Amino acid sequence: MARGSEEHCNVPTARSRSCVFRMQFSAFGANSIFTDEPENVRYILQEGALAGKVGMGTDFHDQWHEFLGDSTFNLDGEKWKGSRAKLRKQFTRERLADLHLFEYHVERMIRFIKAHEGKPVPVLDLLHRFTLDTSMHYMLGTDENTVENPVNQFSHAWDTVFEIMDARARAGGLWRIILPQKPMKDAMAILNGVAYPQIDRAIERRKAGEKLGDSFLDAITADTLDREEIRGHLMTIMLGGRDTAALTLTNTLHALARHPRVYAKARAEVMNVVGPTDAPTFQQMKELKYLRAIINEVLRLWPILPYTRKNALRDLSLPVGGKNGGPVAVLAGK
Ligand code: HEM
């Protein structure tokens, strides 16, 4: 049973209305605050997180530990900052500008779609396979080709892990007692069975002073040779990047199919900036302003991550949402 009260809302306009709600879940005694106030969201994701006042908390850390180890998504405070700093270093402009790998996978996917001409193609499933292939190639340097070979142990184990994480979140603090642990162990054995040999080879290459490749894995061994830490970084990026990209692409294709006028304009922009045969460069991608506006609108209409949950690790105050629009006091543990 939940009891809610509206604490404060911005003066609504035709385009925006943001609020802070306080919610009591009486069955478990939990006390939650919901907010979409930009000031509060900024505080939660930046200032509060950097000050170690806001974070995921120990329950979340433990639920995700087998999968993520100790990494950016499930660490808090100083440890989170350290882990995040190592990840950020990998997202340099040069690495992001290297589009060859993505082009290789896009071409294969287009070939796959063309080979099914006249037959329906399950777009979300295909794009999930596409983003798995690109993530694994980019991160590990392996080409799994699940686009053409959908029955793949790794992708099946990946999906199993997320079903289990969902069940753990719903079971709350009781997950260790009421959920069977074997399915998670089996799924992780498959994921780690693919990841560990690649990680170990990268560590050996780095130690032997060999010339390294372009993969994220080779690059991250410059910052750490800890096998578990590297595994955590890999899983974090694949977790952050795979479904988000697949869903954004699927929703964008859906929107374009429903709006032929917008599709025609976007196509004309691509033809004008990139041309009919070339692969886009990083600079050209930045010039595709109409396409970017479409993707932004798609994310606004169908947010991929419509909400996120955080814990108050220490007593804190959210900037707005209290009586008369002032700060909201939040006690540690809420
Ligand atoms: C449309 C695409 C995406 C959306 C909507 C999205 C959304 C978000 C949001 C809302 C958060 C904050 C979550 C929180 O702290 O509770 C987040 C964090 C994160 N995302 Fe994404 N993301 C997207 C794509 C990606 C991609 C492509 C990657 C990696 C290649 C990625 C990696 C991460 C990581 C590592 C974090 C944790 C950052 C930290 O704790 O400081 N995301 N994302």
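**A predicted chain and the shell around its ligand**

Good morning. I begin with the ligand, which is surrounded by 16 residues, the closest being Gly-240, Gly-241, Thr-244, Ile-304 and Thr-308. A residue counts as near a molecule or strand here if its C-beta atom, placed from the backbone, lies within 6 Å of it.

Two remarks on the model itself. This is a predicted model, in which local features need pLDDT of at least 70 and side-chain atom pairs count only at pLDDT 80 or more, while totals for chains, interfaces and linings use all residues. Residues are numbered from 1 along each chain as its sequence is written.

Which helices each supply at least two residues of the shell around the ligand? They are helix H3 (77-90) and helix H11 (227-258). H11 gives the most, with seven residues. Helices (H or I, at least four residues) and strands (E, at least two) are DSSP runs, numbered from the N terminus. By residue type, the shell holds eight nonpolar residues, seven polar and one charged. In this scheme Ala, Val, Leu, Ile, Met, Phe, Trp, Tyr, Cys and Pro count as nonpolar, Asp, Glu, Lys and Arg as charged, and the others, Gly among them, as polar.

I turn to the chain as a whole. The chain contains 14 helices and seven strands. It is divided into domain 1 (1-56 + 310-334) and domain 2 (57-258), with bounds that come from an automatic or database domain assignment. Five residues from domain 1 and eight residues from domain 2 make up the contact; two residues are in contact if their C-beta atoms, placed from the backbone, lie within 7 Å. On the side of domain 1 that touches domain 2, two residues are nonpolar, three are polar and none is charged.

Next, the dimensions. The C-alpha trace spans about 60 × 55 × 35 Å along its principal axes. A compact globule of 334 residues would have a radius of gyration near 20 Å, and the chain, at 22 Å, agrees with this. That radius is taken over C-alpha atoms, and the globule rule is 2.2 Å times the number of residues to the power 0.38. Among contacts between residues at least 6 apart in sequence, 56% join residues at least 24 apart.

How many of the 334 residues count as buried? The share is 24%. A residue is buried if 20 or more other C-beta atoms lie within 10 Å of its own, exposed if 12 or fewer, and partly exposed in between, with C-beta atoms placed from the backbone.

Some individual residues illustrate these classes. His-61 is located in helix H2 (residues 57-68) and is partly exposed because it has 18 C-beta neighbours inside 10 Å. Apart from neighbours within four places in sequence, His-61 is in contact with Met-56 and Asn-74. Asn-145 belongs to the loop between helix H6 (123-140) and helix H7 (153-171). Although Asn-145 is not a glycine, it has a positive phi of about 50°. Asn-145 has 16 C-beta neighbours inside 10 Å and so counts as partly exposed.

Is Leu-174 buried or exposed? Leu-174 is exposed, because 10 other C-beta atoms lie within 10 Å. Its place is the loop between H7 and helix H8 (175-178). Arg-93, in helix H4 (residues 93-97), is also exposed, with 8 C-beta neighbours inside 10 Å. Arg-93 and Phe-282 are 189 residues apart along the chain, yet their C-alpha atoms are separated by 9.3 Å.

Finally, confidence. The average pLDDT of the chain is 88, and 91% of the residues score at least 70; pLDDT is the predictor's confidence in each residue, from 0 to 100. Confidence is highest in helix H12 (residues 260-273), at a mean of 98, and lowest in strand S1 (residues 2-9), at 54. Where pLDDT is low, the predicted coordinates should not be read in detail. Thank you.
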